[in-house]
Amino acid sequence: MNKLISIDEAINHIEDGMTVMIGGFLAVGTPEKLVDALVEKGVKDLTIIANDTGFVDKGIGKLVVNKQAKKVIASHIGTNKETGRQMNEGELEVQLVPQGTLAEQIRAAGYGLGGILTSTGVGTVVEEGKKKIEVDGVEYLLELPIKADVALIKADKVDKKGNIRYNKTAKNFNPIMATAADIVIVEAEKIVETGELDPDDVMTPNIFTTYMVDGGAK
Amino acid sequence: MDKNQIKELIAKRVAKELHDGDVVNLGIGLPTLVANFIPDEIDVTFQSENGFVGLGPSPKEGEEDKDVSNAGGQYVTIKKGGATFDSGVSFGIIRGGHVDATVLGALQVDGEGNLANWMIPGKMVPGMGGAMDLVVGAKKVIVAMTHTAKGSPKILKECSLPLTAAGQVNLIITEMGVIEVTDKGLVLKELGPEVTVEDVKAATEAELIISDDLKTMEV
């Protein structure tokens, strides 16, 4: 099965109104080439799930600036003024989620869990509308799984079978998001032959990878 | 003291709270300075919530690794013996009680140990990032901040801004003193340089209990 496709072919899997998870932390570990192609294609009304909305000219922020999102679920939007402006003008719905909770909600979806219990957010606006569950005298919020139609992942290396190696702090949300979407598209800096990656260096096993694109290609 | 001297004083005093072997997360801004004042003989591991332990110094210009940044998005280095991980592990470390101390700034703190540092409704809504998890998960929560904002107290009877977490703050360190959050209320344990108890009281809205063993802040 050939999973290696062109960036254009990959982006054709993303349609108006879809929910898209995008890896990265303040644009470190964000699949920039896939984001650029998505900006070029101009699909609209996306629900974007990401740690943050990057910057106006870098990372996920470019999609917000191009008004392609109807909703953003993120832990931080402060580095991209346009996200805040669109939110204040009522053009964009923004749901702010504590970072660790967001990671666990995505993980729950990918790992087949019905939700997770966390103390984070108890006694704050984050608890509004959520079920509280007490376990051994500690109060937790029930946070529900978050999944997506498509996940866009940034890898250091991917082999042709789809095994992923990530580099340093470019991991962040990528390995978790790779488990929680129907279609997982990986942009790798380098595509290597199957067998070149040591199984112990593989953080995301090939079974999660739907497609990969060569992010190192000019 | 000018602004930088104030920040340095606070950071130096916070550094004295950290012990050999501690795992520590520093917030963005003033707390970041704390790393500069850890004595050589003390081994503190800094955790960065974007996904690593072993925060090293800033890289030289031209030697940045695009895949190594801190939680503020600045390029940094990872010390020998450091380790990287994904956001799941990172917040497992944080929520799971594996972080000994977190140092954060604040917009407001109150006598109940409540902290508000993530938004001003209608004005500034950057999002909480990892702050809510850090404050709930770290064993010790140290607020490091200037005592007042443009002359207005930040240590209040009750926070008026949306909370980051309820009742989690353990220690407040400012240029005017060191204040411990206890079951009985806020206890002033140390006085900053060149200030009196009356000065601190006047700059603090919350009730202060003055420690019987009140000391001068040493850094």
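Me: What is the lining of the second largest pocket made of, by class?
Reply: Rolling a probe the size of a water molecule over the atoms shows where empty space is left. On a 1 Å grid over the protein atoms alone, a pocket is an open set of points with protein on both sides within 12 Å along at least five of seven lines, a cavity is a set where a 1.4 Å probe fits but cannot get out, and lining residues have an atom within 4 Å of a point. Here the classes are 10 nonpolar, five polar and three charged residues. Ala, Val, Leu, Ile, Met, Phe, Trp, Tyr, Cys and Pro count as nonpolar, Asp, Glu, Lys and Arg as charged, and the others, Gly among them, as polar. Of the 18 lining residues, those nearest the centre include Phe46(B) and Leu55(B). The model is predicted: local features need pLDDT of at least 70, side-chain atom pairs count only at pLDDT 80 or more, and totals for chains, interfaces and linings use all residues. Residues are numbered from 1 along each chain as its sequence is written, chains are lettered from A and ligands numbered from 1 in the order in which they are written, and side-chain values use heavy atoms, without hydrogens and water.

Me: How much space lies in the largest pocket?
Reply: A volume is the space filled by probe spheres set on the grid points, which are joined across faces, edges and corners. For the largest pocket this is about 1,200 Å³. Its lining has 24 nonpolar, 16 polar and seven charged residues.

Me: Which residues line the largest cavity?
Reply: Among them are Tyr166(A), Glu189(A) and Lys66(B). The cavity's volume is about 40 Å³, and five of its lining residues are charged.
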